[in-house]
Amino acid sequence: MQFHHHGYVTSDPRIQPAAGTGADRPDDLPDEVDVLVVGSGPAGMIAAAQLAQFPEITTRIVERRGSRLEMGQADGIQARSVETFQAFGFAERITAEAYRITEMAFWKPDPVRPENIVRTARVPDDPHGITEFPHLIVNQARVLDYFAEVAARAPARVAPDFGWEFVDLAVADDAAPPTTAVGPGHPVTVRLRRTAGPDAGTERTVRATFVLGADGARSAVRESIGRELTGDQANHAWGVIDVLAVTDFPDVRTKCAIQSHDGGSILLIPREGGFLCRWYVDLGEVSDDDAHAVRSTPVAEIVEHANRILHPYTLDVKDVPWHSVYEVGHRLTDKFDDVPAELTGTRTPRVFIAGDACHTHSAKAGQGMNVSMQDGWNIAWKLGHVLTGRAPASLLDTYSAERQVVARNLIEFDREWSTLMATRPEDLPDPSVLEDFYVQTTEFLFGFRTEYGESMIVGPATHQGLAKGFPLGKRFKSAPVTRVADGNPVHLGHHARADGRWRIYAFADDGTAGAGGTSAPGLERWARWLATSPESPVVRYTPEGADPDAVIEAKVIYQRDHTRVEVGDVPGAFLPRVGPFGLVDHEKAYAADPADDIFTARGIDRAGAVVVVRPDQYVAAVLPLDATADLAGFFDRVLLPPAPVTS
């Protein structure tokens with residue numbers, strides 16, 4: 001964490017100075033906003049936290065509840081989500097209070113006495129060492145609390161407006177060409193209804209430039225733009241109970257998949273705090289004429305089902321803080337914005353949907369909240385870029401194009417996982433098929449399978465061989481390095497904050513290192529170009545008077561040990577002067593860790609390479625050090641020159 005560059009800080013440095021719209025943020029909901037977020041669930045709150053980094057933007061988030069969520073339905077936190085929490089600054093704190101999954105046990109009928117269950121396998125949660133981040137379990141409400149804290153402490157000081165229910169919206173004709181900056185105006189008129197307080201029931205309208213509907217599976221925003229969830233009809237029911245209980249089941253504090261001979265299945269998830277557990281209990285097939293009556297299944301009946309599956313073990317429930325019954329259904333909308341497919345590219349989308357508003361599935365794979373957060377982050381940084389004039393409105397078309405594919409892949413995965421969980425072990429083609437599937441799909445379960453295709457913000461794979469470990473369109477996979485200025489061992493990707501900036505990682509050539517020299521001629525030429533050329537994206541897209549790294553942050557990684565890199569020899573492009581005092585930032589120059597060389601670990605060509613990373617941590621381009629024209633061309637497609645400063 002860096003601070004003091006704007007003056008000595010004696011209070012909590014995580015609280016950023018209020019700026020722009022955050023300096024005089026009104027308590028009451030204004031009549032006009034730039035972004036109106038509907039719903040304060042995971043997708044909505046991460047969007048608010050990201051947009052709060054743009055103080056030029058008026059962002060408000062409305063929620064029909066009268067106050068914060070106290071008990072959330074989701075609890076599984078993928079490693080990719082924890083990596084995301086790191087970018088937002090609270091990974092360590094939420095990890096400290098969460099339950100960490102390290103392995104999963106599989107229980108099946110005893111071959112000798114099938115009425116009893118026995119443990120048949122115990123597999124590591126991350127058998128392939130995919131990530132340094134943990135797989136956690138924590139109440140969804142706490143995730144929302146942390147994002148709310150980030151948003152409230154960010155420059156724009158964004159906080160939920162509780163007690164407002166979305167009614168409907170109307171979008172005025174919008175002739176703004178999407179290839180340019182978004183024009184002024186608020187073409188979306190939103191009708192809201194008060195749900196709390198003495199004025200409950202009253203209505204009012206708010207005009208917005210953009211609206212993000214993160215209002216759940218029964219999304220009124222989705223309905224207002226004519227989108228529908230389509231897909232499989234629910235035909236299997238599960239009871240979910242969070243319980244404080246006494247049991248002789250030996251793996252009660254281990255994540256378990258339990259399959260009985262004839263009583264169904266259980267997915268057991270230990271919860272944070274050491275005593276609470278969540279039990280997903282198979283309630284069986286739902287008849288076509290059930291009319292959702294299964295949702296009224298009493299808790300006692302769910303517990304009875306659980307005891308039948310657990311035999312010969314017993315579950316004595318003492319308290320049930322929360323419970324629900326849901327029917328497995330896999331549904332998806334065909335597009336995540338309000339522009340018809342045939343008009344994409346000709347009209348600027350004004351209304352977006354995210355999370356459960358556009359994809360629904362079972363809860364047992366722990367994907368819903370996690371994928372929803374990536375939806376929210378994806379659209380939020382893009383809205384920030386467009387509304388600040390940093391990027392053309394056409395950037396917004398990439399949201400639906402990228403996230404709809406991710407949601408479709410999730411549903412296909414979840415359909416297979418849910419089917420395996422609901423199938424009797426004796427009906428499976430192989431006794432170990434469930435645990436094998438779990439191990440083989442770890443990358444997906446951890447949230448790292450996402451791979452965006454080529455677009456205006458993901459370049460071609462022409463030079464992918466220069467950095468094989470940073471696949472284009474996949475998230476930037478961190479690795480250990482050593483900071484040159486102080487010799488501190490750090491993780492390269494862990495210092496990239498969710499502040500809306502692009503990152504360029506320059507991997508040095510160190511051309512004479514083999515002969516005992518210390519120069520990196522390719523890197524040095526590239527750094528001079530980046531700092532001084534009119535074609536350089538740093539020069540071209542940094543607003544006048546802003547810090548050199550305000551839009552694009554450049555970092556260098558040397559091949560040699562940090563003791564063989566003198567700070568005085570590091571090019572100025574990686575020692576920018578920042579803040580009102582023009583202080584030197586010494587935290588952008590790194591060296592390979594001798595014990596875990598990033599060049600070897602990530603397949604970086606020894607001739608050097610340039611890796612461009614988006615604000616949401618996905619790799620956007622891989623280029624040679626001498627391909628400056630290609631680097632300039634990439635950013636010319638993505639960014640717009642800043643408006644001139646007027647006196």
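**Group meeting: a cavity, a helix pair and some local geometry**

Helix α2 (79–88) and strand β23 (502–507) each supply at least two residues of the lining of the largest cavity, where helices (H or I, at least four residues) and strands (E, at least two) are DSSP runs numbered from the N terminus. Before I go on, please note that this is a predicted model, in which local features need pLDDT of at least 70 and side-chain atom pairs count only at pLDDT 80 or more, while totals for chains, interfaces and linings use all residues. Residues are numbered from 1 along each chain as its sequence is written, and side-chain values use heavy atoms, with hydrogens and water left out.

Back to the cavity, by which I mean a set of points, on a 1 Å grid over the protein atoms alone, where a 1.4 Å probe fits but cannot get out, with lining residues having an atom within 4 Å of a point. Grid points are joined across faces, edges and corners, and a volume is the space filled by probe spheres set on the points. The count comes to one cavity of 30 Å³ or more, and the volume of the largest cavity is about 120 Å³. Its lining has 16 residues, of which Phe476, Gly493, His494, Ala496 and Gln617 are the closest to the centre. The largest contribution to that lining, three residues, comes from α2.

Next, the helix pair. Helix α7 (residues 368–387) packs against helix α8 (residues 397–422) at an angle of about 170 degrees, with the axes 10 Å apart; axes are lines fitted to C-alpha atoms over the stretch in contact, and angles run from 0 to 180 degrees between N-to-C directions. The two are therefore roughly antiparallel, a label given to angles over 145 degrees. On the α7 side the contact, meaning heavy atoms within 4.5 Å, includes Val371 and Ile379, and on the α8 side Val406 and Leu410 are among the residues involved.

Turning to aromatic pairs, the structure holds 23 of them, counted when ring centres of Phe, Tyr and Trp (its six-membered ring) lie within 6.5 Å, with planes under 30 degrees apart called stacked, over 60 edge-to-face and the rest tilted. One of them, Trp107 with Phe249, is tilted, at 4.8 Å centre to centre and 50 degrees between the planes. Trp107 sits in strand β5 (residues 103–109) and Phe249 in the loop between β13 (236–247) and β14 (255–259), 142 residues apart.

Finally, the backbone: His311 and Pro312 are joined by a cis peptide bond with omega of about 15 degrees.

Note on methods: On a 1 Å grid over the protein atoms alone, a cavity is a set of points where a 1.4 Å probe fits but cannot get out, and a pocket is an open set with protein on both sides within 12 Å along at least five of seven lines; lining residues have an atom within 4 Å of a point. Angles under 35 degrees count as roughly parallel, over 145 as roughly antiparallel, 65 to 115 as roughly perpendicular and the rest as oblique.
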